[in-house]
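Student: Hi! I've just opened this one and would like a friendly walk through it. Can we look at it together?
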2 protein chains.
Amino acid sequence: MPDKATTYMLITLGEELLLGLTRNGHLTYIGDQLRQRGITLHSNYTISDENHDIDDQFAFCWGRADVLITTGGLGPTVDDRTKEAIADALGESLIFDESILESIKERFRQIGRPMSDNNRKQAYRPESAVAIENPNGTAPGLWLEKDGKILIMLPGPPNELQPMFENQVIPRLERLGLIDQGESYLQIRSIGIGESALETELRPLFDQYENLAVAYCAHQGQVDCRISFQDSSEREEELHKIGEECRRMLGADFLGYGHDSLPEIVLNLLKGQNGSLALAESFTGGQIANAITDIPGASSVFSGSIVCYSDEAKMNLLGVPRETVQKYTAVSQSVAEAMAVGAAKSLNATYAISATGYAGPDRGSKDTPVGTVFLGLHSPDGTEVHRYEWKIGRLAIKRRALHTALDLLRRKLVGS
Amino acid sequence: MPDKATTYMLITLGEELLLGLTRNGHLTYIGDQLRQRGITLHSNYTISDENHDIDDQFAFCWGRADVLITTGGLGPTVDDRTKEAIADALGESLIFDESILESIKERFRQIGRPMSDNNRKQAYRPESAVAIENPNGTAPGLWLEKDGKILIMLPGPPNELQPMFENQVIPRLERLGLIDQGESYLQIRSIGIGESALETELRPLFDQYENLAVAYCAHQGQVDCRISFQDSSEREEELHKIGEECRRMLGADFLGYGHDSLPEIVLNLLKGQNGSLALAESFTGGQIANAITDIPGASSVFSGSIVCYSDEAKMNLLGVPRETVQKYTAVSQSVAEAMAVGAAKSLNATYAISATGYAGPDRGSKDTPVGTVFLGLHSPDGTEVHRYEWKIGRLAIKRRALHTALDLLRRKLVGS
């Protein structure tokens, strides 16, 4: 179990998060960064930077955290009032820092733009805070130690926050001995088996061990099972032995240890077998290609994708015969098969995935209603097509097709 | 300003959120749903379902909220302990509800799978709670009214939570008069202008109005500016007049009112002009196509995308001349131009966007380092190519290319 001696809390400021206009990427990023270093973030509080209760919320966290991180609210515009509210809550005054102003001016010189007058606002800091340099923006971060606690205030834009966190915040925390060495739990990732069925299958094994903590998390057709010993973080070998037993029990439903994503796992399998992959995507609209090309090094196995939204594109670029489209319609077993074969050929790849279906909201027919999906898989063994009918929304259908298609390929590659 | 008479708070449970393993989609979804109905979510608390401080956190929120929503922690596995902790905090006992068990059994009959014994756990509820039916999963939601407040507990899987929220929770809140009619602010969305420059430009206009609240939010090259009158939510005409003045001042940097995304705006412009769009994507790897096909109805203007990760694909599928690739390399102005022309031709479209570049981490050269990007735009007026050099990470480069490319097309379509 991760060391809980040091309590890390995160406050993410921004009305746009509460209005559902942007995703809370800072939670994901900072949670992940800490996790990689053996720390489980205790909690995250999202409040509006316009919120008049900000002192109340801040006080709640400051009373409970050892390390409190805030993001956002350091901008130049009038609605950025975080520093004022937090300084108030800490009983500090804000002072104008000439050296911060100098670095803001320098930043504007570098990007060749005039400094707006409102940027002067960014040069204020609580009296006991020091600036954390921001090479990618105007607002510096702030670091404040008080009452045996640490407050770290970071700017909102991810391209400013992230390098600052990795290059400056983490090293400072390390110097203070507040960062551990690595994860002290083992994560077993499964796919194609439900959460309750997985628990039922694995529980008899886990019940043999005392003090074994088990947590399950289901997402996108995958279920992660994290195991750790509550009494010690140094029984890694034993955890690994349990993991190997799970792997044996799960067979092809075992996806991997740790946090590798399904696209990463598929790419690594392809690399190991000197295979290459082509795609023919109709309703998935490039989503499978996009997920694959998010992985560094994808180019060594990924040939490309033909996103064929029109029937013409299916015929001209993939060589699907016109008669096949006319006889069976574009959402059919035969077209899915021809698309997979055509993609492998056009893009010169050993494996190909095809996807055709009705993601909705319109179209579909009696026999192939909205939610009907055909996924084709071409491999050196031949071509297979699978049919699904999913009663979920447009984006959910696209996403499920992505995971289902990659898992079909993965099972083929592991030979199951 | 949204009516703040009713305070809505959201607790999202899940260690996976704090570990950065999954994104907090429930915040985005529920925040958006409430926003559409004129409500600004007050705050969101993310805590682990394994957290022993859960009562402390729950008590903090229960003391401040009028409507408190929780997500997650209702699953069948042993680590799902939310109900227990919350019932404790409310001073309630958990009782076993036969009718809930019946609906769980019915659910398993429908999907043709045997019920695991651990699913019985999901039939417990706090004594004063009533079940909210879950047609898409085993765990029902729970609705509890106490001390003049409402507690709504929802299951974690999005495909269960979302229909439950829209079809059952919202109507119940409406019946209780806790939902307003609509947004009482105006959002002005801009693109291509920085946050502080935008504020400097618009402030003289805003300063002419008393009680005008202004909030800025920057994301992905766009800056949203939300304006509202603090003293009244019924001055919509006046807000609109101010908005029109902003629109005039911003010119082509004005993206739109409200929350339409850049892909939606581009698709609507294309539809209005009977245009069609093809893509040739190298390093963007299908991301542009994916963003476009996320929009319902994309098929009426989107022809498709050729994701050409290899030089061969660029030549065979887009007709880029071999000599051009050999002379200038694949990341060059000439290849970007030939890709755009080739995509328009192969996919028979009036407009085409091409993207070629080095997203990293490897490759690149002295003259075209990692971060070099060429975006081509083919239109009935001809073909133009723009060169960029972005010192950001792989995924950020892909994302910035998506927005930049769509904005190039948008500016062409609005004739600026």
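**A strand in chain B**

Tutor: Happy to. In β15(B), B:Y351, B:I353, B:A355 and B:G357 point one way, while B:A352, B:S354 and B:T356 point the other way, and all of them are buried. Keep in mind that this is a predicted model.

Student: Why do the side chains of a regular strand go to two faces?

Tutor: In a regular strand, side chains alternate between the two faces of the sheet.

Student: And how many residues of β15 in chain B are buried?

Tutor: The strand covers residues 351-357 of chain B, and 7 of its 7 residues are buried.

Student: Which strands pair with β15(B)?

Tutor: Strand β13 of chain B, residues 277-281, pairs with β15(B) in the parallel sense over 5 bridges. There, B:A280 stands opposite B:S354. Strand β16 of chain B, residues 372-379, is joined to β15(B) by 6 bridges and runs antiparallel to it. In that pairing, B:G357 stands opposite B:V373.

Student: How many residues does the contact take from each chain?

Tutor: It takes 79 residues from chain A and 79 residues from chain B. On the side of chain A that touches chain B, strand β14 (residues 302-308) of chain A gives the most, with 7 residues. That side divides into 34 nonpolar, 33 polar and 12 charged residues.

Student: Where do strands of chain A and chain B join by bridges?

Tutor: Look at β2, residues 43-47, in each chain: 5 bridges join β2 of chain A to β2 of chain B, and the two run antiparallel. The bridge partner of A:S43 in β2(B) is B:I47.

Student: Last one: what about helix α6 in chain A, what span should its residues have?

Tutor: At 1.5 Å a residue, its 18 residues (158-175) should span 26 Å, and the end C-alpha atoms are 24 Å apart, which agrees. There is also a kink of about 45° in α6(A), centred on A:F165.

Student: Which residues of α6(A) are buried, and what covers them?

Tutor: Among the buried ones are A:L161, A:M164, A:F165 and A:V169. The cover for the buried residues of α6(A) includes α2, β3, β6, β7 and β8 of chain A. After α6(A) comes A:G177, whose phi is positive, near 75°.

Technical notes
Residues numbered from 1 in each chain as written. Chains lettered and ligands numbered in written order. Predicted model: local features only at pLDDT ≥ 70, side-chain atom pairs only at ≥ 80, totals over all residues. Helix = DSSP H or I, 4+ residues; strand = E, 2+ residues; numbered from the N terminus. Expected span 1.5 Å × (residues − 1). Bend = angle between axes of the 7 residues up to and from the residue. Buried ≥ 20, exposed ≤ 12 C-beta atoms within 10 Å, placed from the backbone. Contact = placed C-beta atoms within 7 Å. Pairing = 2+ DSSP bridges. Nonpolar A, V, L, I, M, F, W, Y, C, P; charged D, E, K, R; others polar.
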